[in-house]
Amino acid sequence: MRHPIRPLAPAAAALAAGLLLAGCADAEPMPEVTQGARPTAAPTTKAPAAAASRATVGGPGTACALPVAFAVAEKWTPKAVEDPENPEFAALTRQGPATVRCEVDAKPAGHVGYLRVWTAGKGPARTALEGFVKAAQNTSGVTYTESGSGAGPVTEVTYTVYNKLMEQSKEERAFAVATPKGTVIVHLGGLDTAEHRAMIPAYELARTTLKAL
């Protein structure tokens, strides 16, 4: 029997495995969004390649069908979660009111972690995010902030999770936005706090380029 997900384990190799995701061998290439240069009278320095062109996820033809789209950091690989509604795997595909839909894997970029995109029903983003965090175990230092995005008001949370098996704490964060199609939660996880902090630029790229579809 083919399982849509692999259980998470405390060891680094198991954490790196993440979810078993839908294959994308036949998927169309993700479109690139190119920022146009503003003409100036004086010559300017050439923009870095990473800033000039970004792959996106969430829109038509991309790896994951989502109510939002955002830019993906270089070498990060998005794939859709296979059969997330299957109740047999609810312990791994659901957290509070949210169901996981997409994982953007950081391993090709040299990190042990991911961005996971979850969806919940229609309602305030803060309510869905609070339910998401409360469903996690051994959390502390939970802090919520409010900001804006191209998709509307965003609620963000930072918190610490204690892993009893590994006997260590690690930082985590997520943001949520309400859309006409439901609430979207983007969560940054990682092997440990060092990996988490190294991946924050990819998380910030997703938040700052977010737009509703």
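This is a predicted model: local features need pLDDT of at least 70, side-chain atom pairs count only at pLDDT 80 or more; totals for chains, interfaces and linings use all residues.
Visitor: Why is Thr183 called buried?

Guide: Thr183 has a relative accessibility of 0%. Buried means under 20%, so Thr183 counts as buried. Thr183 lies in strand S11, which spans residues 182-190.

Visitor: Which residues is Thr183 in contact with, leaving aside its neighbours within four places in sequence?

Guide: Among them are Trp118, Thr119, Ala120, Gly121, Pro124, Ala125 and Ala128, and also Ala176, Val177 and Ala178. Contact here requires heavy atoms within 4.5 Å.

Visitor: Which residues of helix H4 are buried?

Guide: In H4, residues 125-135, the buried ones are Ala125, Ala128, Leu129, Phe132 and Val133.

Visitor: How do you know on which side of H4 they are?

Guide: They cover an arc of only 130° around the axis, and therefore they are on the same side of H4. In an α-helix there are 3.6 residues a turn, so residues three or four places apart point the same way.

Visitor: Why is the link between Arg126 and Glu130 called a salt bridge?

Guide: The closest N and O atoms of Arg126 and Glu130 are 2.7 Å apart. A salt bridge needs a side-chain nitrogen of Lys or Arg within 4 Å of a carboxyl oxygen of Asp or Glu, so this pair qualifies. Arg126 and Glu130 are four residues apart in helix H4, which means they are separated by about one helical turn. A network of salt bridges links Arg126, Glu130 and Glu146.

Visitor: Are Arg126 and Glu130 buried, exposed or partly exposed, and how do you know?

Guide: Arg126 has 34% relative accessibility, and Glu130 has 25%.

Visitor: How are Arg207 and Glu204 placed in helix H6?

Guide: Arg207 and Glu204 are three residues apart in H6, so about one helical turn separates them. Their side chains meet in a salt bridge, with 2.5 Å from N to O. Arg207 is buried, because its relative accessible area is 16%, whereas Glu204, with 24%, is partly exposed. The structure holds nine salt bridges.

Visitor: Which residues have the most contacts inside the largest nonpolar core?

Guide: They are Phe70, Trp76, Leu115 and Leu210, in a core of 30 residues. The elements that each supply at least two residues of this core include strands S3, S6, S7 and S10, together with S11 and helix H6. H6 supplies the largest share, five residues. Leu210 is in contact with Val68, Ala69, Phe70, Phe175 and Val177, among others. In soluble globular proteins, nonpolar side chains tend to be buried together.

Visitor: Which residues does the second, separate core include?

Guide: This core has 16 residues, including Ala98, Ala125, Val157 and Ala174. Ala125 is also one of the buried residues of H4.

Notes:
Residues are numbered from 1 along each chain as its sequence is written. Side-chain values use heavy atoms; hydrogens and water are left out. Buried means under 20% relative accessible area, exposed over 50%, partly exposed in between (1.4 Å probe, protein chains only). The arc is that of the directions from the helix axis to the C-beta atoms. A nonpolar core is a set of buried Ala, Val, Leu, Ile, Met, Phe, Trp, Tyr and Cys residues joined through side-chain atoms within 4.5 Å.
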